Amino acid sequence: MWHSPVRPRRAVAMSVSHSSRLNKLVREQYMRLPQDGRVQVTYVWIDGSGGTWHNLYAGLFPTSLPPPSPSCPADVPEWNFDGSSTAQAEGSNSDMFLVPVCMFRDPFCLDPNKLVLCEVLKYNRKPAETNLRHTCKKVMDLVKDSHPWFGMEQEYTLLGINGHPYGWPDNGFPGPQGPYYCGVGADKVYGRDIVESHYKACLYAGVKICGTNAEVMPSQWEFQVGPCEGIEMGDHLWMARFILHRVCEDFGVVATLDPKPMTGNWNGAGCHTNYSTEEMRREGGLNRGEVGRDGYGYFEDRRPAANCDPYAVTEAIMRTTVLNETGVETKDYAEH
C-alpha cells in the first residue's frame, strides 16, 4: 500500500508578550518570601484619558503597612502621584491625591496583601474631571432608601499584542458567527484559561462576579457582576476590569473593551445594565420577560457600550428613575 509522505505541521506563533514568557518559577521564589507581618497595598485608579473610556493604573507604593492588616479603606493612607503622567494635570502643578474608597484581597500577591480602588482628587482637593465616582456617590446617598440593585454584563475581546483577535487566523477570519456563543471545543472558543483564571481571581478578591460565558464573536467573552447596591456597582466592576487586565498580562494577551473591535459582520461589545429598586422587587413590581409570571421585576438597559463608565451609567439611571430628572441638564445636589 502506498502512503503519502507525512508533512510536518507548521507551528502557529501566537502573538503574546515577551514578559509572559519569563520563567514564572523564578518569580515564585520571591513571592514565597515572608513579609514579617507587613501588608503590601496596591493602589488602583482611573486615568484622565477622558471620553467614554479610562485606562486603569496601579502602583505598589511604599505603603507596606505594619500589623494589624487593614480591614477597611480608612485604614489605608492617602497617596499622591504625578497627574501629568496620566493626563490628569499640567506639568507645572501636577500633584494629585489618591483616596482609598474600596478595598479587596489581592489575588496576585495573596493574603494579607490588598488592592484598593481610589478616587482621584486634584491639588486643591476637588475631584478630578474624570472622577465620576464623586457625583455618583452623592446621588446614591440621596436614593439609598430605594435600595437600588444593579447587575452589569461586561463584554470584552481578547487580542494578541498585535491587535488581532486572539486565536483568529493570522491572514484570515474564523468561520461565520453561530457556533461560538456559550460554545465548547477547541474550534469554538479561544482563551478559556484566561476567563477561568479571571473568575477565580475575582472570587478571591471579593468582587461580586456572578457568571461568565463565551460571546457571539470568537475571542469575545462576557462576565457579569452583581447584584450590587448603589455605589458598590461601579466599584466592583472597575476592580473586575483591573483584575482582567492584570490576568491577561500574565498570559501575554490584551483584553479590549472596544465596542466594535472588528469591522464588518462581527458582533460588537456591550455592557447591559440590569436594575431594580426595592419597590420593583416587591410583588406587582415592574416586569421584564419571564419575571412577569412571578410579579416581580427589573429593568434592563441595553444601551451602554462595553467601555462605559459604570459610575456614569448607574448615576444616570437613578437621576431619571428615582430623582425624576428630565432633559439634558443634571441637577447639582448640595453636599449633605
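Me: Taking helices (H or I, at least four residues) and strands (E, at least two) as DSSP runs numbered from the N terminus, how many helices and strands does the protein have?

Reply: The protein has five helices and 11 strands. This is a predicted model, in which local features need pLDDT of at least 70 and side-chain atom pairs count only at pLDDT 80 or more, while totals for chains, interfaces and linings use all residues. Residues are numbered from 1 along each chain as its sequence is written, and side-chain values use heavy atoms, with hydrogens and water left out.

Me: What share of the residues is buried?

Reply: Of the 336 residues, 46% count as buried. Buried means under 20% relative accessible area, exposed means over 50%, and partly exposed lies in between (1.4 Å probe, protein chains only).

Me: And what percentage of the contacts joins residues 24 or more positions apart?

Reply: Such pairs account for 66% of the contacts that have a separation of 6 or more. A contact means heavy atoms within 4.5 Å.

Me: On to packing. At what angle do H2 and H5 pack?

Reply: Helix H2 (residues 133–142) and helix H5 (residues 310–321) pack at about 35 degrees, and their axes are 9 Å apart. Axes are lines fitted to C-alpha atoms, for helices over the stretch in contact, and angles run from 0 to 180 degrees between N-to-C directions.

Me: Left-handed or right-handed crossing?

Reply: The crossing of H2 and H5 is left-handed. That term applies if the near helix is turned anticlockwise from the far one by less than a right angle; clockwise gives right-handed.

Me: Which residues make the contact?

Reply: H2 contributes Arg-133, Thr-135, Cys-136, Val-139 and Met-140, and H5 contributes Tyr-311, Thr-314, Glu-315, Met-318 and Arg-319. These divide into five nonpolar, two polar and three charged residues. Ala, Val, Leu, Ile, Met, Phe, Trp, Tyr, Cys and Pro count as nonpolar, Asp, Glu, Lys and Arg as charged, and the others, Gly among them, as polar.

Me: Thr-314, then: buried or exposed?

Reply: Thr-314 of helix H5 counts as buried, at 1% relative accessibility. Not counting residues up to four places away in sequence, Thr-314 touches Cys-136, Met-140, Phe-150, Met-152 and Met-233. Thr-314 and Val-139 are 175 residues apart in sequence and 9.5 Å apart in space, C-alpha to C-alpha.

Me: Switching to H3. How many residues does H3 have, and what is its reach?

Reply: Helix H3 (residues 192–205) has 14 residues and reaches 20 Å from its first C-alpha to its last, close to the 20 Å expected at 1.5 Å a residue. The expected span is 1.5 Å times one less than the number of residues.

Me: Which residues of H3 are buried?

Reply: Ile-194, Val-195, His-198, Ala-201, Cys-202 and Ala-205 are the buried residues of H3. Seen down the axis of H3, they fall within an arc of 130 degrees, so they line one face of the helix. The arc is that of the directions from the helix axis to the C-beta atoms. The face of H3 turned away from the buried side carries the exposed residues Asp-193 and Lys-200.

Me: What covers the buried residues of H3?

Reply: The cover includes strands E4 (95–105), E6 (149–159), E7 (209–214) and E8 (220–229), and helix H4 (232–251).

Me: How many residues of H4 are buried?

Reply: H4 is mostly covered, with 15 of its 20 residues buried. H4 is followed by Gly-252, whose phi is positive, near 85 degrees. H3 is followed by Gly-206, with a positive phi near 100 degrees.

Me: Last topic, cis peptides. What is omega between Asp-111 and Pro-112?

Reply: The cis bond joining Asp-111 and Pro-112 has omega of about 5 degrees, and Pro-112 is placed in the loop between E4 and strand E5 (114–121). The bond from Gly-226 to Pro-227 is cis, with omega near -5 degrees, and Pro-227 is found in strand E8.
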